Amino acid sequence: MKFMKIYIYISLLAVFASCGEKQDKELQNQDNMEMHRQKVIETYVDTMILHRTEFNKQIICNGRLRAKAKSEVNFAGQGIIADVLVREGQHVAKGQLIATMDNKEKQHELEKAEHELERAKVELTDKLIGLGYDDLETVPSDIMQRTEVTTGYYSAKYQLQTARKALENCNLYAPFSGRVANLEAKKFQRNDKVCTLVDDSGFEVEFRILEAELAIVKVGQKVRVSPFVEESLNFDGTLSEINPLVDDKGLVRIIARLANRGDQLLDGMNVRVVVEEKVQDTFVVPKDAVVERDGYNVIFLLEEGKAAWTYVDIVHSNINSYAINGCKRKETTINDGDIVIVSGNLNLADGTEVKVNNINAQ
């Protein structure tokens, strides 16, 4: 009986101990859940310190590239293609042979012209001897010219020059350095069209700006050009021409020039053109730092661990940033050294407590 009581006592102790351990685990789980809940509702933000700095005011336009030089390259005469010595996309130097045309007929015409000149030369000599000039060097120029015409010698010289030129034209040379495009010539076919030669070492880009933006641009100004197909590629150019006319849409035509790099640009390519003007002594923030509230532009300043709702005016903008001032209508101000929240601000309200990931200096 005594042992039975001891056994029951030990069993009860085990049960109570098990229940206590279970309660401790439940309390610990509740504490962990509460900590997790508090962590979830905490708002983490990135910030920057506001300083006056330089801002790149930008005009962003669309344009189209035009190669430095482009020409249809064809034979001067008609005939059958004998050989094509280039391929499409190939770089060729000025004077390089591109294609040849069958020249058998032209060679025959040259030989015929040479024989005709010899015949005319004999007739010219006989005529001058008949006129009493044994030494052809002593013939007056007017008599020599008249005799060359009447004996056919002058015409024979011209025919020989023409035949030589026709034979030379059976070879097609590059008029300038560039790349071969639109190659259509085929061996043993007629030479209706050979190819297009494009000098893509440099380009012109034409774009249009608003009449009100004319004050920003000037000849010699730097521009940045990037193709739509790969906007990460940037090419520096120089503004070269400003058309002194405004069209019926209130636009002014502008032309800039730029150099190619690694054959990355192509004639006719659509590009984005950015014209920049440096504006000094401005407050600059990333575009993500500005949100809209009640129809106004707002930034949130970090003040004593809380987000402070602050109205601002956007003075200038570019692709990535805004130049801002305090809002005139709301009579707010921003100051050098203010800490601006630049991320995690979409759902913020005035007075929201926030946790800072980092602070970046502008």
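A: In helix 2, the buried residues are Leu110, Ala113, Leu117, Ala120, Leu124 and Leu128, where buried means under 20% relative accessible area with a 1.4 Å probe, protein chains only, and a helix is a DSSP run of H or I with at least four residues, numbered from the N terminus. This is a predicted model, in which local features need pLDDT of at least 70 and side-chain atom pairs count only at pLDDT 80 or more, while totals for chains, interfaces and linings use all residues. Residues are numbered from 1 along each chain as its sequence is written, and side-chain values use heavy atoms, with hydrogens and water left out.

Q: What covers the buried residues of helix 2?

A: The cover includes helix 3 (141–151) and helix 4 (153–168), counting contact as heavy atoms within 4.5 Å.

Q: At what angle do helix 2 and helix 4 pack?

A: The angle is about 160 degrees, and their axes lie 8 Å apart; axes are lines fitted to C-alpha atoms over the stretch in contact, with angles from 0 to 180 degrees between N-to-C directions. The two helices are therefore roughly antiparallel, a term for angles over 145 degrees.

Q: New topic: how many residues has the largest nonpolar core?

A: That core has 24 residues, and Leu65, Val205 and Leu258 are among those with the most contacts inside it. A nonpolar core is a set of buried Ala, Val, Leu, Ile, Met, Phe, Trp, Tyr and Cys residues joined through side-chain atoms within 4.5 Å.

Q: Which strand gives the largest share?

A: Strand 8 does, with five residues; a strand is a DSSP run of E with at least two residues.

Methods: Buried < 20%, exposed > 50% of the residue type's maximum accessible area, 1.4 Å probe, protein only. Parallel < 35°, antiparallel > 145°, perpendicular 65-115°, else oblique.
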